[in-house]
Amino acid sequence: MTTPKLPHIALIPSAGMGHLMPFLRLAAMLAKQNAIVTVITAQPTVSIAESDHISSFLRHNPKINHLELQLTPSFGQANGAPVDPFFLQMHLINQSIHLLPPLLSSSSPPISAIFLDFLLAAKVAPIAKTLHLPVYIVCTSSVAFLSLMAYLPMLVSNPVEFNKTKAEINIPGLPPMAMSTIPPVFHDSGHLLTSIIITNSPALSEAKGIFMNNFEWFEASALAALNKDRVIESLPPVLPIGPLEPYHAPHDDDKRDRYRSWLDNQPAESVVYISFGSRTAMSRDQIRELEKGLEKTGWRFFWVLKTSKVDKDDQEDAEHFLNESFLERTKNKGSVIKGWVDQQEILAHPAVGGFVSHCGWNSVMEAAQQGMPMLAWPQHGDQKMNAKVTEEAGLGLWERGWDWGPSGIVKGEEIERKIVELMTDEKLRERAKKVGEEARKAVGRGGSSDKVIREVVESLIIPF
Ligand code: UDP
Ligand code: UDP
């Protein structure tokens, strides 16, 4: 008698921690369900964080296979203008995709499905078709932003309507989107990110489904518009499977021990955690104002400071960027750290009572899972749209006027006011707790997200 064969799933993320992290979490989750898993990553990575996480993940998950797509080096310039190294990497992975078929064909047992980053869809879908492999797309953003990306080719083909001077854009069947929440680079089809998205969106229709690090309850109406009302007809089913569970990654380093013991010594829900993700740097002027605001609130704080987009360029200590007098006056109240921290662990710590965040989607889902109230301070890309989703779900506050790019910085007094609101708004805290309960229900046994991923894995089991 023959037994059913376990599926062998190849997972292919694009560039940056915001993309790698959900893929590694998904890999661990699939392995737990007895799928055979191969993660294919581009080499070299842009950041040290990516290479560190890949190696530590593989050390702790020895059953998961790893293959590397070797990239050809590039000069990092286009028309003389510097290009975002993460977007350039996405472009380079696409350029090197001819190296993928031999990797897939050499895998044993044979690959049975590909779970693929949205930003690689157009190049990989035809390869999968030739090899008769089903493709699932993994989208690392909100459902609202997915809708925008899926509809972007249509928008850019109508420059009269898709015009910066308009107040909003309309995707029929979805609530209007404020133009101010749309990444400005989407108006420039020559921008690398915009062209990557426009190229990849049409290939979404080739996939059997689009996985979202999200849960039914959190963005219910946007999901219903796409799945039930089919407002963007070309899209396959949109499948919420989150919040993706963090994988167990024991680290033992001195820095981590120090901040953990600092947090252990703070009262419950007394600390504001401030972090803007893995690739968002803060200017010196904005750092000054944040210092002022934090000090004035009187709340304890744990601030992860980043001053360069890529971690390799971000080696100076926090002291180098902060006022000596600020450090002296707040030494019993706060901790400022440079370098990687385990955010998931910090958000789960009982001392932390609020999260000031740029609203990278992983951060939003990690906060949702912990029922942690957020103060959304989005800067670019999908972050403003994610901030709106966060606010609508009741997980966070969002001050729409805040910016911190070239169009101005937020003053210390403003920051103080909003942080006090974040830490004292009891309604928000209650609502955030409810979000946490719903998130945990979704991923618990038989929950909406749990069911979706189990059904997909079961459908991939080869019955003979
Ligand atoms: N992260 C972390 N420690 C850090 C910085 C980031 O653990 O010091 C994690 C964070 O928890 C999230 C991911 O890195 O899982 C960043 O993704 P997100 O979508 O929040 O933002 P991005 O970095 O892509 O802007
Ligand atoms: N982005 C994302 N998921 C996607 C596509 C894009 O998280 O599927 C994010 C990307 O990581 C980046 C942002 O969208 O953070 C684009 O940023 P933008 O080009 O507006 O600003 P820049 O980083 O160039 O200042």
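Student: Which elements cover the buried residues of H14?

Tutor: Happy to, and keep in mind that this is a predicted model. What covers the buried residues of H14 includes helix H6 (143-156) and H13, along with strand E16 (374-376) and strand E17 (396-398).

Now the helix itself. H14 runs over residues 383-392, and eight of its ten residues are buried, so the rest of the structure largely encloses it. The cut-off matters here: a residue is called buried if 20 or more other C-beta atoms lie within 10 Å of its own. The ones that pass in H14 are Gln 383, Lys 384, Met 385, Asn 386, Ala 387, Lys 388, Val 389 and Thr 390. Note that two lysines, Lys 384 and Lys 388, are on that list of buried residues. After H14 comes Gly 394, with a positive phi near 85°.

Let's follow one of the covering elements, H13 (361-370), to ligand 1. H13 gives the most to the shell around that ligand, with four residues. Helix H1 (17-32) and helix H12 (343-347) also supply at least two residues each. There are 19 residues around ligand 1, and the ones that come nearest are Gly 18, Gly 277, Ser 278, Gln 343 and Gly 360. By class, the shell around ligand 1 splits into six nonpolar, ten polar and three charged residues.

The loop between strand E15 (352-357) and H13 holds Cys 359. Phi of Cys 359 is near 70°, which is positive even though the residue is not a glycine. As background, most residues other than glycine have a negative phi, and most peptide bonds are trans. Cys 359 also counts as buried, with 29 C-beta neighbours inside 10 Å.

Glu 269 has a positive phi too, near 50°. Glu 269 sits in the loop between H9 and strand E12 (271-275). With 15 other C-beta atoms within 10 Å, Glu 269 is partly exposed, whereas Cys 359 is buried.

For peptide bonds, there are two cis cases to look at. One joins Ser 108 and Pro 109, with omega about -5°, and Pro 109 is in the loop between helix H4 (100-105) and strand E6 (113-117). Another goes from Gly 242 to Pro 243, with omega near -5°, and Pro 243 is in the loop between strand E11 (238-240) and helix H9 (254-264).

Ligand 2 has 13 residues around it, with Ser 141, Pro 183, Val 185, His 380 and Gly 381 coming nearest. The shell around ligand 2 divides into five nonpolar, six polar and two charged residues.

Finally, zoom out to the whole chain. The protein chain has 17 helices and 17 strands. Its radius of gyration is 22 Å, close to the 23 Å that the globule rule gives for 464 residues, so the chain is as compact as a globular protein of that length. The C-alpha trace spans about 70 × 55 × 45 Å along its principal axes. Of the 464 residues, 45% count as buried, and eight of the ten in H14 do. Among contacts between residues at least 6 apart in sequence, 75% join residues at least 24 apart.

Technical notes. Residues numbered from 1 in each chain as written. Chains lettered and ligands numbered in written order. Predicted model: local features only at pLDDT ≥ 70, side-chain atom pairs only at ≥ 80, totals over all residues. Near = placed C-beta within 6 Å. Nonpolar A, V, L, I, M, F, W, Y, C, P; charged D, E, K, R; others polar. Rg over C-alpha atoms; globule rule 2.2 N^0.38 Å. Buried ≥ 20, exposed ≤ 12 C-beta atoms within 10 Å, placed from the backbone. Contact = placed C-beta atoms within 7 Å.
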